[in-house]
Amino acid sequence: MTREEVFEKLNEVFRDVFDDEDIKVAESTNADDIEDWDSLSHINLVVAVEKEFGIKFSMGETQKMKNVGEMVDIILERTK
Amino acid sequence: MADRSKIENLAKCSMFLIFFVILFWFCNKVFILKRNDGITPMQNFYAQKQNTVDVLFCGPSLMGELGMDELWYDYGIAGYNLWGSGEPFWNCYFGLKEALKSQKPRVVVLEVSPASYQFEYSDNTGQLVNTQGMKFGKNFLDAIRVSTPKEKYLELFFGIQTFHWRFKELSRDDFLHFTWIQDCITDKGSFHYYHNNAKMDLTDISSIVEFKNLYPKAEEYLRLFIEYAQQRKIQVLLIKTPSINRMAEAPFYNCVSKIADEYGVKFIDTNRVSDEIGFELDDSADGGHINVRGMWKCTSYIGNVLRNEYNVPDRRGEKQYISYEKYTEKCHKKHIVEMKDKKGYAAEVLRSTQKPYLDLYVPIYFSSYNYNAPVFVRCGLSEPDNDFSWTDRRFLRMVCNFPKNCMGKDLKAKYNLAQIFNGNQRIIVYVNNSRVFDKKLSNGENLEFHFSLPADSVTAHIMLEFPNLLNNDKKNALAIKNVVFTE
Amino acid sequence: MHFLYNLLKFIVDDFSIMSFWFWTCLAAFAVIYYTVGKRLRVQWILLLLASLFFYRANCSTKLMLWMLVPVCLTYLVALVINNLQGLRRSLLLFCAVAASVAFLVYFKERNFFIVTHNALACVFNFGHWEKVNIAAPLGISYLILMLVSYTLDVSWGLVKPQKNPLKFLLYVIYFPITTSGPITRYVEVENQLFAEHNFDYDRFCFGVQRVVWGMFKKMIVADRIGLIVGTIYGNWENYTGFTLAIGLLAYTLQVYTDFSGCIDMALGASQILGINLPENFRQPFFSSSLSEIWRRWHMTLGFWVKDYILYPMLKSRLIQQFSNFLKTRLGKKNRYAKLIPTWCGMLVVWFTVGFWHGGSWKYIFGGGLFFFIMIAGGQLLEPLFAWLIRIMRIRTETASWRLFHRLRTFFLFAVAVSFQRAPSFKTGLCMWKRVFVEFNPWIFVDGTLFNIGLDAKDFFVLLFGGMIMLFVELGEHGNKAESISMRRWIAGQNIAFRWIIYLGLVFSIIIFGMYGPDYNAKSFIYAGF
């Protein structure tokens with residue numbers, strides 16, 4: 001999987017979780033950029049991402065992720 | 001470069017700390033409670049000139065009631081009253097040590113009421129007023145250590161902890177209470193009571209001979225006090241001013257008497273010599289403290305002892321001791337103002353039994369076109385049943401201070417008389433030493449005369465002479481209602 | 001030697017973070033720390049000794065030994081857990097966490113179970129248990145949370161276990177945090193606690209300034225509000241309407257100024273020694289929603305429950321299966337299919353938060369469940385609110401709307417917190433009922449305000465102190481990063497101005513602080529945990 005493909009899929013997930021068709025995520029997107037992205041929706045997001053990519057984030061990774069870019073890094077590593 | 005910034009930082013810190021300390025000291029001085037029952041006597045003591053205190057008085061409020069003004073007025077004895085509210089012996093001891101740093105009195109007088117105190121530590125107020133006046137030093141630290149349990153050391157050391165609450169009641173005086181601003185040297189510590197709300201306990205206790213031991217800490221510091229003074233060749237005099245409950249406390253003072261004998265120290269128990277001193281029921285302010293009436297008698301008695309048995313010199317006229325003159329004058333003015341009741345005036349008269357005339361400072365009130373002066377001239381012979389006063393002295397001198405705009409004016413004086421005794425009286429009036437009136441008046445007449453105020457003064461010394469009266473033969477001259485001055 | 005022992009005993013008479021001796025000793029300690037400690041490279045050992053001394057000075061030896069039990073347990077478990085696999089691993093993890101929690105509950109929330117037992121006893125007719133109030137080791141509530149976070153972090157691979165038992169002990173009882181937090185995670189301080197710290201003048205000054213600011217907040221503002229709160233809560237049957245409301249709402253302000261002042265002192269003290277601890281408050285009353293306020297109030301607690309309870313719960317298989325079940329039954333896009341599972345997680349979280357504050361219903365409700373009800377209720381009724389906003393033509397980008405949100409948030413938050421101070425949950429309800437019994441706006445002008453615990457002068461000091469606080473908080477609100485902006489701004493001014501401010505702060509505390517005889521400044525609200 002290429003990075004761009006991951007980003008495409010993530011866009012889908014984000015739009016689904018936040019119910020907003022206009023979301024487009026980038027490397028540096030984080031909780032400050034999306035209005036409803038709070039601690040609760042974060043966990044829903046993580047679960048949705050796990051489902052979409054068939055991977056499992058560890059608790060540590062869930063906590064450590066600072067932005068979408070880091071999320072993508074972990075996804076790429078897992079799906080190698 | 002790094003070193004320079006280090007030095008800079010160090011310099012900045014030091015300067016900051018210096019500012020802090022100065023401000024902190026200033027805060028302490030401003031916020032400290034200016035109580036005249038312990039704190040200001042100590043503070044003003046420091047302002048006294050070196051070696052100008054011949055007699056040092058220590059003790060609780062029962063010592064504070066003794067008037068240094070009376071001592072000076074009658075005997076010229078330079079005494080300072082270093083007292084504190086409820087001051088236990090240990091605070092007296094440290095106060096003494098502190099005092100002896102700058103003064104060398106000949107006699108130290110200790111009031112021994114604390115002999116009946118049965119506590120290890122005074123109450124909070126007592127602890128504060130008896131320590132906070134002291135300057136920082138070993139005595140201050142020792143006083144704290146002894147005055148209070150260890151949990152409260154910090155509280156007493158940093159008095160600001162208690163006083164900072166005073167931010168709600170700061171007054172102008174608080175900010176001016178510095179020795180270079182205020183005239184602290186003309187305060188000798190005494191506190192005067194003017195009221196008479198309870199009768200003095202005059203029970204005869206000559207039969208009470210039991211002993212009751214003092215509280216150990218009290219006895220320890222009583223002995224330390226006496227020993228400390230005696231080591232420095234200072235004579236000690238123990239006294240007991242009138243108690244509120246003679247019979248209950250007498251056993252303690254019997255014990256004190258024993259201790260006094262041990263050290264060869266004289267002990268005057270006024271409870272046992274009340275007749276000699278001449279105490280009366282009305283000499284008490286609240287049952288425990290004597291008012292100025294009682295104070296005059298008591299101080300007179302003690303002064304006599306000090307003069308004759310301890311040879312304390314007469315300092316009247318000496319330049320170094322001028323502050324005592326000023327203090328006495330201040331106190332006398334205050335007495336006249338405070339003693340508005342007729343009995344007080346009577347006492348005022350009684351105390352000047354040696355003098356042929358009665359000196360009065362008369363407050364003048366301006367009302368529309370004349371100046372009124374209430375005149376209370378009582379002689380303590382009997383209760384007045386009307387609102388007037390009479391005199392039995394041969395001379396009655398009234399000192400009247402008129403408003404400033406009266407300088408140089410011609411005034412007419414009218415004494416509204418209620419009665420002229422013995423049919424008629426020859427009355428001579430001198431104003432500022434010049435005779436302005438000399439006539440006989442009969443009952444029903446009023447006394448009227450003219451006089452001029454000097455061009456440079458608003459004071460008129462008006463002397464009334466009643467030549468028919470001989471000194472002290474207790475016949476009345478006239479009864480005055482009031483005096484009215486018109487232009 | 002005898003003298004030294006006596007001196008120690010004398011000092012230790014009162015060694016809380018509010019005592020004179022604590023700060024004097026800290027000053028002396030800082031000197032040793034930066035001279036001897038730096039040279040001999042034993043700074044962390046000095047910290048450990050200081051922390052032990054502090055702990056022992058505030059706690060009996062028996063309780064101190066009790067404290068060591070969960071500490072040792074966690075230390076040992078952390079060393080072995082990563083060597084285990086599968087069921088044994090999960091089991092050990094579960095036991096370790098459960099043991100720590102049980103330890104906490106035993107000391108702090110025991111009465112909850114006793115009361116529940118007694119309630120059942122009434123129904124089923126068996127014997128009652130006596131309620132017990134026992135002393136707990138210092139800071140046990142914070143300690144246990146820290147230990148659990150450490151255990152879980154180690155098991156999740158976020159941090160390597162600490163092999164040196166003494167270093168681990170230092171982490172647990174590091175003295176600035178034992179009294180009232182912040183709940184510090186091992187990762188946040190691992191590098192700092194054991195490293196060497198040079199003396200940095202600026203950092204030192206900032207630390208001292210922070211301490212002074214904390215004292216200002218606590219001694220001038222918090223303790224004064226405390227008098228009002230105490231008067232009204234102590235006599236609530238005689239107050240109604242606005243007067244009672246003032247007392248109830250003021251309690252939150254008291255908690256905030258008290259707790260954040262205490263945190264400032266702790267963080268400042270730590271900063272003096274070169275160790276930066278996590279923030280606990282970020283201008284909470286500027287929040288627009290109850291969810292947001294818990295990201296700005298007692299932040300370390302909020303993050304703790306989020307990371308160690310909420311996320312594990314929501315990611316757990318049970319909840320995921322439930323979520324899938326709901327999705328299939330109600331449809332994938334259904335709001336409630338997404339919300340209900342989160343509500344389950346939130347319920348547990350809020351119950352825990354409330355329960356952690358205290359084992360009685362007033363805490364559980366006032367510290368937790370109320371928020372759950374409000375937040376879940378808000379989410380539940382969201383369509384209704386959206387509709388209302390639409391038909392009332394409310395514009396949601398205006399400042400007035402934001403202000404309304406902030407005020408509403410504060411009010412709701414304050415209502416919840418007010419229950420915690422009430423004698424019981426039922427009493428809390430009674431008190432709030434009394435607020436609506438009478439409408440008495442005249443109390444604002446007839447002088448009643450000066451009769452509810454503070455006289456006029458104290459009241460003005462309070463208002464003035466509050467204004468200064470508000471000004472500082474406004475200044476810091478814009479800044480997302482550390483709350484150091486105000487200090488930096490002042491530091492950038494000229495020396496005379498700076499010193500006037502610093503000396504002004506210090507002397508305000510000396511003059512207006514609520515301390516000294518007739519006054520006990522040691523009543524921390526969050527230090528009973």
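Student: How many side chains of chain A are positive and how many negative, and what makes a side chain count as one or the other?

Tutor: Chain A has 10 positive and 21 negative side chains. Lys and Arg are counted as positive, Asp and Glu as negative, while His and the chain ends are left out. The centres of the two sets lie 8 Å apart, with each charge placed at NZ of Lys, CZ of Arg, CG of Asp or CD of Glu. The model is predicted, so local features need pLDDT of at least 70 and side-chain atom pairs pLDDT 80 or more, whereas totals for chains, interfaces and linings use all residues, and side-chain values rest on heavy atoms, without hydrogens or water. Residues are numbered from 1 along each chain as its sequence is written, and chains are lettered from A and ligands numbered from 1 in the order in which they are written.

Student: What secondary structure does chain A have, and what makes a stretch a helix or a strand?

Tutor: Chain A has four helices and zero strands. A helix is a DSSP run of H or I with at least four residues, a strand a run of E with at least two, and both are numbered from the N terminus. The order in chain A is therefore written α-α-α-α.

Student: How do you know how compact chain A is?

Tutor: Its radius of gyration is 11 Å, close to the 12 Å that the globule rule gives for 80 residues, so chain A is as compact as a globular protein of that length. The radius is taken over C-alpha atoms, and the rule is 2.2 Å times the number of residues to the power 0.38. Along its principal axes the C-alpha trace spans about 30 × 25 × 20 Å.

Student: Is His298(C) called buried or exposed, and why?

Tutor: His298(C) is at 0% relative accessibility, so it counts as buried. The cut-offs are under 20% relative accessible area for buried, over 50% for exposed and in between for partly exposed (1.4 Å probe, protein chains only). His298(C) lies in the loop between α12 (290–296) and α13 (299–315) of chain C. Its phi is positive, about 50 degrees, although it is not a glycine.

Student: Is Asn311(B) buried or exposed, and how do you know?

Tutor: Its relative accessible area is 54%, so Asn311(B) is exposed. Asn311(B) is in the loop between α14 (292–309) and α15 (322–338) of chain B, and its phi, near 55 degrees, is positive in a residue other than glycine.

Student: What makes the link between the side chains of Asp283(B) and Arg293(B) a polar contact?

Tutor: A polar contact is a pair of N or O atoms within 3.5 Å; within protein, one must be able to donate a hydrogen and the other to accept it, and residues adjacent in sequence count only if both atoms are side-chain atoms. The link to Arg293(B) is 3.2 Å, so it meets the distance limit. The Asp283(B) side chain also reaches the backbone nitrogen of Glu280(B) at 2.8 Å. Asp283(B) is itself buried, with a relative accessible area of 0%.

Student: Which residues does Leu79(C) touch, leaving out those up to four places away in sequence, and what counts as contact?

Tutor: Contact means heavy atoms within 4.5 Å. On that basis Leu79(C) touches Pro161(C), Gln162(C) and Lys163(C). Leu79(C) and Lys163(C) are 84 residues apart along the chain, but their C-alpha atoms are separated by 7.2 Å. Leu79(C) sits in helix α4 (residues 61–81) of chain C and is partly exposed, with a relative accessible area of 29%.
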